[in-house]
Amino acid sequence: MAATTRDFPLFPLGIVALPTESVPLHIFEDRYRRMVEHCLAEQQEFGIIWLSDEELKQTGCACEIERVLERTDDGRMNILTRGTRRFVLLERQDDLPYPAGHVEFIEDQPEEPDPAAAGAAHELYSELVAQATDRELSGEELEAMDAYSMAGTVEFELDAKQELLELRSENARLRLLAALLGAAIERLELVERAQVRAQSNGKVRFG
């Protein structure tokens with residue numbers, strides 16, 4: 001049976017967080033300062049949930065506070081958080097000094113792993129990392145990475161990240177991720193070609 005909890009602190013934001021993703025946050029509103037102080041004191045997670053232009057999404061990502069990076073004299077904070085697990089918002093609560101809700105933590109549906117989907121996603125991720133950073137990932141590093149571990153290091157559109165968050169199948173996430181990585185590689189290659197053209201002033205360089 002899925003775990004549910006009430007009074008779960010919520011942070012509606014214009015971002016989507018994924019499990020394993022590192023998320024820095026600047027906390028300045030009083031209600032969210034109270035929420036963070038509560039989470040620090042109780043060593044409790046809070047939930048980031050995407051407040052899009054149309055609606056508050058129902059599926060979010062719980063985050064743990066890894067470090068308080070800075071506290072200012074007026075009470076503001078810079079914190080570093082990391083996504084841990086997914087949840088569905090069942091009901092919003094207004095009886096606490098910060099946004100909260102009754103949430104259900106969700107697990108993946110049982111399935112057999114798809115080695116082909118994992119291999120394709122790993123190959124494309126390795127290619128993107130090599131093109132963007134000149135770093136070659138080892139086979140061991142790639143094997144240890146699931147869909148969220150890879151997706152959390154790439155700047156995808158929010159709609160795509162939300163779809164990854166809501167999928168309850170690792171095989172489905174890997175297939176979607178492969179499509180997103182392929183598109184990202186194409187965009188990166190277009191940018192690189194445009195930069196070469198700009199540097200050459202429209203002339204083709206030989207030698």
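**Entry 1: the strands around alanine 62**

I looked up the bridge partner of alanine 62 in E5 and found arginine 85. The model is a predicted one. I then went through the strand pairs. E3, residues 46–50, and E4, residues 59–71, run antiparallel and are joined by three bridges. E4 and E5, the latter covering residues 77–93, are also antiparallel, with eleven bridges.

**Entry 2: cysteines**

How many disulfides does a search of the whole structure find? I got zero. I took cysteine 39 next: the closest cysteine sulfur is in cysteine 63, 10 Å away, so the two are too far apart for a bond. Cysteine 39 counts as buried because its relative accessibility is 2%. For cysteine 61, the nearest cysteine sulfur is again that of cysteine 63, at 4.7 Å. The cut-off for a disulfide is 2.5 Å between sulfur atoms, and cysteine 61 is in no disulfide. I also recorded that cysteine 61 is buried, with a relative accessible area of 0%.

**Entry 3: glutamate 21**

Is glutamate 21 buried or exposed? I have it down as buried, because its relative accessibility is 10% and the cut-off for buried is under 20%. I placed glutamate 21 in the loop between strand E1 (4–13) and strand E2 (22–27). I listed its contacts, leaving aside neighbours within four places in sequence: Val16, Thr81, Arg82, Gly83, Gly152 and Lys161.

**Entry 4: helix H2**

I followed H2 from residue 115 to residue 133, which is 19 residues. From first C-alpha to last, H2 reaches 26 Å, close to the expected 27 Å. What caps the N-terminal end of H2? I found aspartate 114 there, with a side-chain oxygen 3.1 Å from the backbone nitrogen of alanine 116. After H2 comes aspartate 134, for which I noted a positive phi near 65°.

I then listed the buried residues of H2: Ala117, Ala118, Ala121, His122, Tyr125, Ser126, Leu128, Val129 and Ala130. For reading such a list, I kept in mind that an α-helix has 3.6 residues a turn, so residues three or four places apart point the same way.

Methods
Residues are numbered from 1 along each chain as its sequence is written. This is a predicted model: local features need pLDDT of at least 70, side-chain atom pairs count only at pLDDT 80 or more; totals for chains, interfaces and linings use all residues. Side-chain values use heavy atoms; hydrogens and water are left out. Helices (H or I, at least four residues) and strands (E, at least two) are DSSP runs, numbered from the N terminus. Buried means under 20% relative accessible area, exposed over 50%, partly exposed in between (1.4 Å probe, protein chains only). Contact means heavy atoms within 4.5 Å. Two strands pair if DSSP finds at least two bridges between them. The expected span of a helix is 1.5 Å times one less than its number of residues. A polar contact is a pair of N or O atoms within 3.5 Å; within protein, one must be able to donate a hydrogen and the other to accept it, and residues adjacent in sequence count only if both atoms are side-chain atoms.
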